[in-house]
Amino acid sequence: MAEAAAKLKGGRLCSICNDRRPALKRPKTLEQICRECFYTVFEDEIHNVIVENQLFKPGERIAIGASGGKDSTVLAYVLSELNRRHNYGLDLFLLSVDEGITGYRDDSLETVKRNEIQYGLPLKVVSYKELYGWTMDEIVKLIGLKNNCTFCGVFRRQALDRGAALLKVDKLVTGHNADDIAETVLLNILRGDIARLSRCTSIITGEDGPIPRCKPFKYTYEKEIVIYPFCWLDYFSTECIYSPNAYRGFAREFIKDLERMRPRAILDIIKSGEDFRISASTKMPEQGNCERCGYISSQKWCKACVLLEGLNRGLPKLGIGRSRGLNNEQNKDMKLTDGTKSMQSKQCGTLDF
């Protein structure tokens, strides 16, 4: 009746179904659409990205990086729904990292544990304390708030890989969205990080490593991820208490300003990143393996080993910034003996599970 009345009165209707009243303006396209159509196009676009990029093969074991936040919660729900609806034939698992941040991660992990029950997906939790012998609370107490995100980012990436190895999965999927990727393109330009700039827009990364990573939300706007679970998905919405001073935050604000002026700016930045061509004369770092833990590294020691050694020696600034010089001098400056407090059983990146 409402739809018919709207038609008779000449009221605005959903630009997709042309039947129901619009409930929202889609952030990505500015279309006026009803909520039912929004759910449909949101899920269909992610399905198309998965199919067109051949992200998965039937029978694969897939770990979903689950933090309890909106991105990973929506990813877990949508991927489990699409897996059922389109018969992907995937075995899905939730994988969480406990960084040891009191009042933040402990609360968000409770959300993930509820998601485990709600979605019927097995959950594996790995912790910094178990893997590295340190929690982020302990690290921040030692180093302060200035460089804490450097430690957390390096440790978290490796912790996810180690958790994925424990689960014996074929791929790891993360909830990185279009906004995240646009921010990363901008950050790599600002830092002159050519190596990362050449691969930061790839929808699949780490194919030369043991467990590739996929980003099904590569073209999905953060604002649409926020709208999607409104009122019916259980997720944790508090920001990390240690992140306000993160360098990425400044890039995020800039991207948001661009989006307000021109919503397509996010996709345009991603397209620019995809089209960058690195000069053949540019010397790229050669991928190898860390001599200490065996993890992928372009230096003798991976960044996680360098940072962790600094923590264990009471020299937390040892690995901050570019580590090339540190790796060149490690034989002089970072000699170890069997008795030195180091990683040993908590050796970062060791995959001999």
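1. Let's start with the sheet in this predicted model. Six strands form an open sheet, arranged in the order 5-4-3-6-8-7, and their pairing is mixed.

2. Now zoom in on one pair of neighbours. Strand 6 (residues 171–173) and strand 8 (residues 213–214) run parallel and are joined by 2 bridges. To find your place on screen, look for Val173, which stands opposite Cys214 in strand 8.

3. Next, look at the helices that pack on this sheet. Helix 3 (residues 70–85) touches strand 3 (61–65), strand 4 (91–98) and strand 6. The direction of helix 3 makes about 155° with that of strand 3. Helix 7 (residues 148–167) also packs on the sheet, and its contacts are with strand 3, strand 4, strand 5, strand 6 and strand 8. For helix 7, the angle with the direction of strand 4 is about 140°.

4. Stepping back, the protein chain has 15 helices and 10 strands. It has 353 residues, of which 49% count as buried. The accessible surface is about 18000 Å², and carbon and sulfur atoms account for 50% of that. Take the contacts between residues at least 6 apart in sequence: 69% of them join residues at least 24 apart.

5. Tyr247 belongs to helix 11 (residues 247–261). Why does Tyr247 count as partly exposed? Its relative accessible area is 45%, and the partly exposed class lies between the 20% limit for buried and the 50% limit for exposed.

6. Salt bridges deserve a careful look too, and the count comes to 28. One of them joins the side chains of Asp234 and Arg114, with an N to O distance of 2.6 Å. Asp234 sits in the loop between helix 10 (222–227) and helix 11, while Arg114 is in helix 4 (residues 105–119), so this pair ties together parts that are 120 residues apart in sequence. Asp234 is partly exposed because its relative accessibility is 22%, and Arg114 is partly exposed as well, at 37%.

7. Another salt bridge brings together the side chains of Lys223 and Glu259, at 3.9 Å from N to O. This pair also links distant parts of the chain, with Lys223 in helix 10 and Glu259 in helix 11, 36 residues apart. Are the two partners buried or exposed? Lys223 counts as partly exposed, at 38% relative accessibility. Glu259, with a relative accessible area of 4%, is buried, because buried means under 20%.

8. Finally, compare that pair with Glu309 and Arg292, whose side chains meet in a salt bridge of 3.3 Å, N to O. Glu309 lies in helix 13 (residues 303–312), and Arg292 lies in the loop between strand 9 (288–289) and strand 10 (296–297), 17 residues away in the chain. Here Glu309 is buried, and so is Arg292. One more thing to trace on screen: salt bridges with shared partners connect Lys70, Asp71, Asp179, Glu222 and Lys256 into one network.

Key. Residues numbered from 1 in each chain as written. Predicted model: local features only at pLDDT ≥ 70, side-chain atom pairs only at ≥ 80, totals over all residues. Heavy atoms only, no water. Pairing = 2+ DSSP bridges. Helix = DSSP H or I, 4+ residues; strand = E, 2+ residues; numbered from the N terminus. Contact = heavy atoms within 4.5 Å. Axes fitted to C-alpha atoms, helices over the stretch in contact; angles between N-to-C directions. Buried < 20%, exposed > 50% of the residue type's maximum accessible area, 1.4 Å probe, protein only. Salt bridge = Lys/Arg side-chain N within 4 Å of Asp/Glu carboxyl O. Areas by Shrake-Rupley, 256 points an atom, 1.4 Å probe, with all protein chains shown as cover.
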